Amino acid sequence: KMSKLEHWTAERDGGVHSIEIPQPKGRTQKAFAAGFKDKSEPMVRYTSTIGPADQIEDKRAKMALELNSKLPHGCLAIDGDHLVVTATRPLKTTTPESSPAAVRYLANQADTYERLIFSGDVH
């Protein structure tokens, strides 16, 4: 529903939704939404990939941790082999109208860091 409201392209693969979010200068960034339970609480985790974590040198890792404290939505993290921006929200307070701003922000931050750190538009 959120993707339709925002005119974003979305696909579903099992329990994971892939959302393509347009970025400035013709770039795009994918965000992924996956549901899970924290104890009995239904949650949704939004994640947008920046790039390979093994290519982050110590200086950039420190910079990423410093940036983490300034993000109003989500946080920088390592998910598997990738540096990502991620945010988790309780499903009971998450609606198609309340989530786009946070998801757009995550995608924008991931795209910005991808461009600055990796000089590409892969994710």
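The model is predicted, so local features need pLDDT of at least 70 and side-chain atom pairs count only at pLDDT 80 or more, while totals for chains, interfaces and linings use all residues. Residues are numbered from 1 along each chain as its sequence is written, and side-chain values use heavy atoms, with hydrogens and water left out.

**Confidence**
- The protein has a mean pLDDT of 87, and 97% of its residues reach 70 or more; pLDDT is the predictor's confidence in each residue, from 0 to 100.
- Helices (H or I, at least four residues) and strands (E, at least two) are DSSP runs, numbered from the N terminus.

**Strands and hairpins**
- S1 and S2 pair in the antiparallel sense over five bridges; two strands pair if DSSP finds at least two bridges between them.
- Glu11 has Ser18 in S2 as its bridge partner, and in the S1 and S2 hairpin, with two residues between the strands, Gly14 takes a positive phi near 65°.
- S2 also runs antiparallel to S3, joined by seven bridges, with His17 opposite Ala33 in S3.
- The hairpin of S2 and S3 has five residues between the strands, and Lys25 takes a positive phi near 60° there.
- Further along, strand S5 (residues 75-79) is joined to S6 by five bridges, again antiparallel.
- S5 and S6 form a hairpin with two residues between them, where Gly80 in the turn has a positive phi of about 65°.

**The nonpolar core**
- The largest nonpolar core has 23 residues, and those with the most contacts inside it are Ile21, Tyr46, Ile50, Leu76, Val85, Val103 and Tyr113.
- Such a core is a set of buried Ala, Val, Leu, Ile, Met, Phe, Trp, Tyr and Cys residues joined through side-chain atoms within 4.5 Å.
- Strands S2 (16-22), S3, S4 (41-52) and S6 (82-90) and helix H3 (100-118) each supply at least two residues of this core, and H3 gives the most, with seven.
- Two of the core residues with the most contacts also face each other across strands: Leu76 stands opposite Val85 in S6.
- Ile21 lies in strand S2 and counts as buried because its relative accessibility is 1%; buried means under 20% relative accessible area, exposed over 50%, and partly exposed in between (1.4 Å probe, protein chains only).

**Pocket and cavity**
- On a 1 Å grid over the protein atoms alone, a cavity is a set of points where a 1.4 Å probe fits but cannot get out, and a pocket is an open set with protein on both sides within 12 Å along at least five of seven lines; lining residues have an atom within 4 Å of a point.
- The largest pocket has a volume of about 440 Å³, and of its 20 lining residues, Lys1, Met2, His17, Ala33 and Tyr46 are the closest to its centre.
- Helix H1 (2-6), strand S1 (9-13), S2, S3 and S4 each give two or more residues to the lining of this pocket.
- One cavity of 30 Å³ or more is found in the whole structure.
- The largest cavity is lined by Met63, Ala64, Leu67, Leu76, Leu83, Tyr113 and Ile117, and H2 gives the most to this lining, with three residues.

Key
Points joined across faces, edges and corners; volume = space filled by probe spheres on them.
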